[in-house]
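Colleague: I would like to learn how to read side-chain contacts in a model. Can we start with the terms and then go through the cases?

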Amino acid sequence: MSSRRTKRPARPARPAAPKACPCGLPAPYAECCGRYHSGAAAAPTAEALMRSRFSAFAVQDGPYLLRTWHPDTRPTGLDLDPGMRWTRLEILDTADGSAFHTTGTVTFRAHYTHEGEAGSLHEQSRFSRVAGAWVYLDAVFTD
């Protein structure tokens with residue numbers, strides 16, 4: 001009896017996990033947003049979820065983005081642009097969103113480059129809890 005292995009089809013490559021967390025906090029990715037992406041922990045606040053979702057865009061983790069999207073507003077799928085590089089996150093304001101709240105908002109500016117051009121997205125995101133976990137509900141673009 002031989003032990004032949006059949007080759008599985010290759011999965012599309014995601015960017016390698018960064019050493020520093022893309023969210024901007026001074027912690028390694030694996031100890032910061034990476035633990036939320038892997039399912040080892042849940043984001044404890046709306047701001048932590050916002051940071052982890054920015055990082056998920058940066059590392060192109062579509063399943064995490066869908067998993068942390070409110071079921072009433074979640075799209076059926078995501079088509080992440082591999083040419084989009086999310087480079088920096090600025091948290092401008094937060095309201096509610098702590099362990100003592102059921103809703104919260106985070107206003108932020110997300111910086112990116114796309115096809116060599118720099119840009120930013122200014123948004124106020126709304127978050128709520130579903131079954132005790134923070135999820136992204138929707139957003140208002142402010143620019």
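Modeller: Start with accessibility. Buried means under 20% relative accessible area, exposed means over 50%, and partly exposed lies in between. Keep in mind that this model is predicted.

Colleague: Take aspartate 138, then: is it buried or partly exposed?

Modeller: Partly exposed. Its relative accessible area is 26%, which falls between the two cut-offs.

Colleague: What does aspartate 138 form with arginine 126?

Modeller: First the general idea. Side chains of opposite charge can pair when their charged atoms come close. Here, aspartate 138 and arginine 126 form a salt bridge, with the closest N and O atoms 2.6 Å apart. Aspartate 138 lies in strand β4 and arginine 126 in strand β3 (residues 117-130), so the pair ties together parts twelve residues apart in sequence. Arginine 126 is partly exposed, at 39%.

Colleague: How many salt bridges does a search of the whole structure find?

Modeller: Three. One of them joins glutamate 47 and arginine 51, with the closest N and O atoms 3.0 Å apart. These two residues are four apart in helix α2 (residues 46-59), so about one helical turn separates them. Glutamate 47 is partly exposed at 27%, whereas arginine 51 is buried at 12%. Another salt bridge links glutamate 90 to arginine 88, at 3.7 Å between the closest N and O atoms. Glutamate 90 has 28% relative accessibility and counts as partly exposed. Arginine 88 is partly exposed too, at 43%.

Colleague: Now the rings. How many aromatic pairs does the search find?

Modeller: A pair of aromatic rings is described by the distance of the centres and the angle of the planes. The search of the whole structure finds five such pairs. In one, the ring centres of tryptophan 69 and tyrosine 136 are 5.3 Å apart and the planes stand at 85 degrees, so the pair is edge-to-face.

Colleague: Which parts does that pair tie together?

Modeller: Tryptophan 69 sits in the loop between α3 (62-67) and β1 (84-96), and tyrosine 136 in strand β4 (residues 133-141), so the linked parts are 67 residues apart in sequence. Tryptophan 69 is buried at 13%. Tyrosine 136 is buried at 12%. Tyrosine 136 also pairs with phenylalanine 127: centres 5.9 Å apart, planes at 70 degrees, so again edge-to-face. Phenylalanine 127 is buried, at 1%.

Colleague: What lies over the face of tryptophan 69?

Modeller: Arginine 53, at 4.9 Å from the ring centre.

Colleague: And which residues do ring pairs link into a cluster?

Modeller: Phe54, Phe57, Trp86 and Tyr112.

Conventions. Residues numbered from 1 in each chain as written. Predicted model: local features only at pLDDT ≥ 70, side-chain atom pairs only at ≥ 80, totals over all residues. Heavy atoms only, no water. Phe/Tyr/Trp six-rings, centres within 6.5 Å; stacked < 30°, edge-to-face > 60°. Buried < 20%, exposed > 50% of the residue type's maximum accessible area, 1.4 Å probe, protein only. Lys NZ or Arg CZ within 6 Å of the ring centre and 35° of its normal. Salt bridge = Lys/Arg side-chain N within 4 Å of Asp/Glu carboxyl O.
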